[in-house]
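Hello,

Here is the structure I promised to pass on. Have a look at it first, and then read my notes below.

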Amino acid sequence: MAAPPKSKRSLTRAVLPALAAAGLAGLGTLLVVTHQQGRVPFVEPGPPAGCVIPPPANIGGAFDLIDSAGEPTNQTRFAGAPALVYF
């Protein structure tokens, strides 16, 4: 025996709440976005006035070091490949 076909009523009961939830989520997103448009974007604060903070060190560049075998090495050995130097 074939199963009886599902009624359209049960499909409506599943779809309507999902559509309502999606609509509410979209409306909430729209309200948040339009509310945020008038605000000043976030800017990373700098050091306070009168504070002595040295500028950040430059990262990367040429180096001459001694490897774990005691041999001198430099950046040309790692050209074209990622490398991590740690102490």
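One salt bridge turns up in a search of the whole structure, a salt bridge being a side-chain nitrogen of Lys or Arg within 4 Å of a carboxyl oxygen of Asp or Glu. Its partners are Arg77 and Asp67, whose side chains meet at 3.5 Å, N to O. The pair links distant parts of the chain, ten residues apart: Arg77 sits in the segment after strand E2 (72-74), and Asp67 in the loop between strand E1 (64-66) and E2. Strands here are DSSP runs of at least two residues, and helices (H or I) of at least four, numbered from the N terminus.

This is a predicted model, where local features need pLDDT of at least 70 and side-chain atom pairs count only at pLDDT 80 or more, while totals for chains, interfaces and linings use all residues. Residues are numbered from 1 along each chain as its sequence is written, and side-chain values use heavy atoms, with hydrogens and water left out.

How exposed are the two partners? Arg77 counts as exposed because its relative accessibility is 55%, whereas Asp67, at 22%, counts as partly exposed. (Buried means under 20% relative accessible area, exposed over 50%, and partly exposed in between, with a 1.4 Å probe and protein chains only.)

Now to helix H1 (residues 8-36), where you will find Leu27. Leu27 is partly exposed, because its relative accessibility is 45%.

Happy exploring, and do write back with any questions!

Best wishes
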